[in-house]
Amino acid sequence: MSENPTSPSGPADIFNLNAMADFTQGAVDRFLDAAAVDAVYGEPVVHEGQMIIPTAEVISVLGVGYGGGGGSSESETENKGPDYGSGGGGGGGGRIFSRPAAIIVADASGVRVEPVVDVTKLGLAALTAFGFMIGMFFRMRGAKHLESELRQLKDLG
Amino acid sequence: MPIFTVNTHHALPQVIGGTVISPRSQHIQAQLPFFELHLAWSRPLDVTVLYPDGQQQVIPIVDVTRVALIGMFLFGSVGALVLRRMMR
C-alpha cells in the first residue's frame with residue numbers, strides 16, 4: 001500500500017492495470033480450459049464387452065474489456081487540498097458451445113467410428129439457405145420486371 | 001501470446017480385450033490483436049488402434065454435420081451465382 005493514497009502519480013498506480021491484466025488472463029485460461037482435450041472425449045462406457053467413447057466438438061468464445069482513469073484539479077483552498085477523482089471498471093462475456101461429433105465403438109469385431117448427424121442444425125441451415133435463395137430470386141425478378149417496363153416506356157416516349 | 005495456435009493432444013489410451021485405443025484431438029486457439037477476444041476450438045481428430053497382433057490402424061473422425069454444413073453453404077453460394085447469371 002502506498003504511503004500517500006491521495007496523491008497518485010497516474011492511472012496505473014490507482015488501478016494497478018497489471019493486476020487487472022493478470023486477473024483477466026487467469027479468467028481467460030480457466031475459460032479456455034473448458035475447451036481442452038478432456039472435453040473432447042467423454043468417459044468411456046463399457047457394456048457387455050463393448051466400449052463406447054463419445055466425442056464432441058467444443059468451441060469457446062470469450063471477450064473481456066477493462067479500463068480506468070483518474071484526474072485532479074489544481075485549485076487548492078485553505079481548508080481543502082487538491083481534489084482527486086478516479087474511476088474504473090471492466091466487464092466480459094463468453095459462451096461455450098458443445099455438440100456431439102461421433103462415437104467410437106470398440107468390440108470383438110474391431111473398432112469403428114459412428115458419426116453423429118445433427119439433423120436439427122442441418123434442417124435449420126437448409127431452411128435458412130432456401131429462404132435466402134427464394135428471397136434473392138424474387139428480388140432479382142422484380143428488378144428485371146421493372147427494367148423491362150422502363151425500357152417499354154422509353155420506347156414509347 | 002501468439003495470435004493463432006494449433007496443437008494436437010493425445011487423450012488417455014483405453015484398453016479393451018488387448019486392443020489399445022488412443023484418441024487424438026486438435027486444439028485451435030486464436031486471440032484477436034488489440035482486443036481481449038479469445039476463441040478456442042477443440043475437435044476430435046482420429047483414433048489410433050493397436051490390435052493384440054501388433055497391427056496398427058488409424059481411423060479418422062469425420063464430423064458429418066460440419067461437412068454437410070460446408071456443402072450446403074457451397075451449394076447455396078453456387079446456386080445464388082447461377083440464379084444471378086440466369087436472371088441477367
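Me: Which residue is the bridge partner of Ala30(B) in strand 4 of chain B?

Reply: Leu39(B) is the bridge partner of Ala30(B). The model is a predicted one, in which local features need pLDDT of at least 70, side-chain atom pairs count only at pLDDT 80 or more, and totals for chains, interfaces and linings use all residues. Residues are numbered from 1 along each chain as its sequence is written, while chains are lettered from A and ligands numbered from 1 in the order in which they are written.

Me: How many bridges join strand 3 of chain B to strand 4 of chain B?

Reply: Twelve bridges join these two strands, which run antiparallel. Two strands count as paired if DSSP finds at least two bridges between them.

Me: And how many join strand 4 to strand 5 of chain B?

Reply: Five bridges link strand 4 of chain B to strand 5 (residues 56-60), again in an antiparallel arrangement. Within this pair, Val47(B) has Ile59(B) as its bridge partner. The hairpin formed by the two strands has five residues between them, and Gly54(B) takes a positive phi near 90° there.

Me: What does strand 4 of chain B pair with in chain A?

Reply: Strand 2 (residues 50-72) of chain A runs antiparallel to strand 4 of chain B, and seven bridges join them. Among the partners, Ser60(A) is bridged to Ala40(B), and Ile59(A) to Trp41(B).

Me: How many residues of chain B are in contact with chain A?

Reply: The contact involves 37 residues of chain B and 45 residues of chain A; two residues are in contact if their C-beta atoms, placed from the backbone, lie within 7 Å. On the chain B side, strand 2 (14-16), strand 3 (19-31), strand 4 (36-50) and helix 1 (64-87) each supply at least two residues.

Me: How do the residues of that side of chain B divide into nonpolar, polar and charged?

Reply: The side of chain B that touches chain A holds 21 nonpolar, twelve polar and four charged residues. In this division, Ala, Val, Leu, Ile, Met, Phe, Trp, Tyr, Cys and Pro count as nonpolar, Asp, Glu, Lys and Arg as charged, and the others, Gly among them, as polar.

Me: Beyond its neighbours within four places in sequence, what is Val47(B) in contact with?

Reply: Val47(B) is in contact with Ile104(A), Val111(A) and Val113(A) in chain A, and with Ile21(B), Ser22(B), Pro23(B), Ile59(B) and Ile61(B) in chain B.

Me: Changing topic: in what order do the elements of chain A run?

Reply: From the N terminus, the order is α-α-α-β-β-β-β-α. Chain B runs β-β-β-β-β-α. Of the 157 residues of chain A, 12% count as buried, and of the 88 residues of chain B, 16% do.

Me: Where is confidence lowest in chain A?

Reply: Helix 1 (residues 11-15) has the lowest confidence, with a mean of 50, and strand 4 (residues 110-115) the highest, at 92. The quantity is pLDDT, the predictor's confidence in each residue, from 0 to 100. Over residues 1-12 the pLDDT is below 50, and this stretch has eight contacts in the model beyond near neighbours in sequence. The chain A mean is 78, and 76% of its residues reach 70 or more.

Me: What is the phi of Glu48(A)?

Reply: Glu48(A) has a positive phi near 50°, and the residue is not a glycine. Most residues other than glycine have a negative phi. Glu48(A) sits in the loop between strand 1 (45-47) and strand 2 of chain A.

Me: Why does Glu48(A) count as exposed?

Reply: Glu48(A) is exposed because 5 other C-beta atoms lie within 10 Å.

Technical notes. Helices (H or I, at least four residues) and strands (E, at least two) are DSSP runs, numbered from the N terminus. A residue is buried if 20 or more other C-beta atoms lie within 10 Å of its own, exposed if 12 or fewer, and partly exposed in between; C-beta atoms are placed from the backbone.
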